[in-house]
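Here is a short report on one protein chain. Read it alongside the sequence and the coordinates.

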Amino acid sequence: MILEGAGRMSINSSSNLLHQQPSWTDGYSTCNVSSSFYGTQWHEIHPQYWTKFQVWEWLQHLLDTNQLDANCIPFQEFDINGEHLCSMSLQEFTQAAGTAGQLLYSNLQHLKWNG
């Protein structure tokens with residue numbers, strides 16, 4: 001940018017200010033509204049919108065991080081989507097997963113409220 005006499009300003013054609021300044025959106029991921037949740041990881045969206053496959057991925061993650069035997073959670077009891085999962089009570093989790101029900105319920109509540 002070059003200032004010329006009497007307060008007039010002109011822009012030098014060789015300088016492109018738009019390319020020199022970072023955009024305010026740099027560093028933020030873009031939201032592609034047209035894309036489906038099916039290709040999204042379970043931890044990237046609210047549990048209410050999970051598919052049944054994302055519910056299973058979440059269950060597997062809990063097994064792995066808590067070093068639980070896969071037999072302690074009957075996956076057939078969780079052949080449900082995220083909306084159904086989020087509507088389950090602690091009692092329903094305990095009925096579906098036995099002693100692991102409390103862990104599942106607590107983790108889901110944490111994800112629902114804290115992301």
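## Overall layout

The chain's secondary structure comprises five helices and two strands. Helices (H or I, at least four residues) and strands (E, at least two) are DSSP runs, numbered from the N terminus. Their order from the N terminus is β-β-α-α-α-α-α. This is a predicted model: local features need pLDDT of at least 70, side-chain atom pairs count only at pLDDT 80 or more, and totals for chains, interfaces and linings use all residues. Residues are numbered from 1 along each chain as its sequence is written, and side-chain values use heavy atoms, with hydrogens and water left out.

The chain has 115 residues, of which 25% count as buried. Buried means under 20% relative accessible area, exposed over 50%, and partly exposed in between (1.4 Å probe, protein chains only). A contact means heavy atoms within 4.5 Å. Among contacts in the chain with a separation of 6 or more, 41% join residues 24 or more positions apart.

## The nonpolar core

The largest nonpolar core holds 21 residues. Such a core is a set of buried Ala, Val, Leu, Ile, Met, Phe, Trp, Tyr and Cys residues joined through side-chain atoms within 4.5 Å. Trp50, Trp58, Phe78, Leu85, Phe93 and Leu104 touch the most other members. At least two residues of this core come from each of α2 (52–65), α3 (82–87), α4 (90–97) and α5 (101–114). Helix α2 gives the most, with five residues.

Which residues does Leu85 contact, leaving aside its neighbours within four places in sequence? They are Trp50, Val55, Trp58, Phe78, Ile80, Phe93 and Leu108.

## Helix α2 against α5

Two packed helices are described by the angle between their axes and the distance between the axes. For α2 and α5, the angle is about 115° and the axes are 11 Å apart. Axes are lines fitted to C-alpha atoms, for helices over the stretch in contact, and angles run from 0 to 180 degrees between N-to-C directions. The crossing of α2 and α5 is right-handed. A crossing is right-handed if the near helix is turned clockwise from the far one by less than a right angle, and left-handed if anticlockwise.

From α2, Trp58, Leu59 and Leu62 take part. They meet Leu104, Asn107, Leu108 and Leu111 in α5. By class, this contact of α2 with α5 has six nonpolar residues, one polar and no charged. Ala, Val, Leu, Ile, Met, Phe, Trp, Tyr, Cys and Pro count as nonpolar, Asp, Glu, Lys and Arg as charged, and the others, Gly among them, as polar.

## Helix α4 against α5

The axes of α4 and α5 come within 7 Å and cross at roughly 135°. That angle makes α4 oblique to α5. Angles under 35 degrees count as roughly parallel, over 145 as roughly antiparallel, 65 to 115 as roughly perpendicular and the rest as oblique. The α4 and α5 crossing is right-handed.

Leu90, Phe93, Thr94 and Ala97 in α4 meet Gly101, Gln102, Leu104, Tyr105 and Leu108 in α5. The contact of α4 with α5 divides into six nonpolar, three polar and no charged residues.

Tyr105 sits in helix α5. Tyr105 is partly exposed because its relative accessibility is 23%. Not counting residues up to four places away in sequence, Tyr105 touches Met88, Ser89, Leu90 and Phe93. Tyr105 and Glu92 are 13 residues apart in sequence and 9.2 Å apart in space, C-alpha to C-alpha.

Gln41 lies in the loop between α1 (17–20) and α2. With 38% relative accessibility, Gln41 counts as partly exposed. Gln41 touches Gln54 and Glu57, residues up to four places away in sequence not counted. C-alpha to C-alpha, Gln41 and Gln54 are 7.1 Å apart, at 13 residues in sequence.

Is Gln54 buried or exposed? Gln54, in helix α2, counts as buried because its relative accessibility is 2%. The C-alpha atoms of Gln54 and Trp42 are separated by 5.0 Å, twelve residues apart along the chain.

Ile45 is also found in the loop between α1 and α2. Its relative accessible area is 15%, so Ile45 is buried. Ile45 and Leu111 lie 66 residues apart in sequence and 9.7 Å apart in space, C-alpha to C-alpha.

Gln67 is in the loop between α2 and α3. At 74% relative accessibility, Gln67 counts as exposed. Its phi is near 50°, a positive value in a residue other than glycine.
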